[in-house]
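Here's a quick briefing on how this one packs together. Have a look at the model first, then read on.

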Amino acid sequence: MLTRQLSANMAFVDHNPQLMEIPMKELMKQPSSWLPNGIKLNLSDQFRPFSFTEELQFRLEELLKKNKENLLNPDEQAELAGLLELEKIFSFINAQLAS
């Protein structure tokens, strides 16, 4: 089911290339930017196979603390938004795989 939904979303973007050309101010760092070195695959953990590396988890906690104190600059706000989005994605995928 998840695969069909992702395929449908990708097909929509492929058939609407103008979506990729919209210039936007970076409000969120792209979650995919952490895929090469910020993601841990834990095949032995059936409830949490996808997670952040220790370094990225530390960075998330650091940004959350600064956010609570209203000390984030715009780049850090974009980074935090991207990390939180990636965390939502992992939670969804991990829950689907566990069920």
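H2 and H3 cross in a left-handed way (the near helix is turned anticlockwise from the far one by less than a right angle; clockwise would be right-handed). This is a predicted model, where local features need pLDDT of at least 70 and side-chain atom pairs count only at pLDDT 80 or more, while totals for chains, interfaces and linings use all residues. Residues are numbered from 1 along each chain as its sequence is written, and side-chain values use heavy atoms, with hydrogens and water left out.

**The helix pair**
- The axes of H2 and H3 sit 10 Å apart at an angle of about 125° (lines fitted to C-alpha atoms over the stretch in contact, angles from 0 to 180 degrees between N-to-C directions).
- On the H2 side, the contact (heavy atoms within 4.5 Å) includes Leu-56, Arg-59 and Leu-60, and on the H3 side it includes Glu-76, Glu-79 and Leu-80.

**The core**
- Ten residues form the largest nonpolar core, among them Trp-34, Phe-52, Leu-72 and Phe-90 (buried Ala, Val, Leu, Ile, Met, Phe, Trp, Tyr and Cys joined through side-chain atoms within 4.5 Å).
- H2 (54–68) and H3 (74–98) each give at least two residues to this core, and H3 has the largest share, with four.
- Skipping neighbours within four places in sequence, Phe-90 touches Ile-39, Phe-50, Ser-51 and Phe-52.

**Asn-94**
- Asn-94 lies in helix H3 (a DSSP run of H or I, at least four residues).
- Its relative accessibility is 7%, so Asn-94 counts as buried (under 20% relative accessible area, 1.4 Å probe, protein chains only).
- Beyond neighbours within four places in sequence, Asn-94 contacts Phe-47, Arg-48, Pro-49 and Phe-50.

Notes. Buried < 20%, exposed > 50% of the residue type's maximum accessible area, 1.4 Å probe, protein only.
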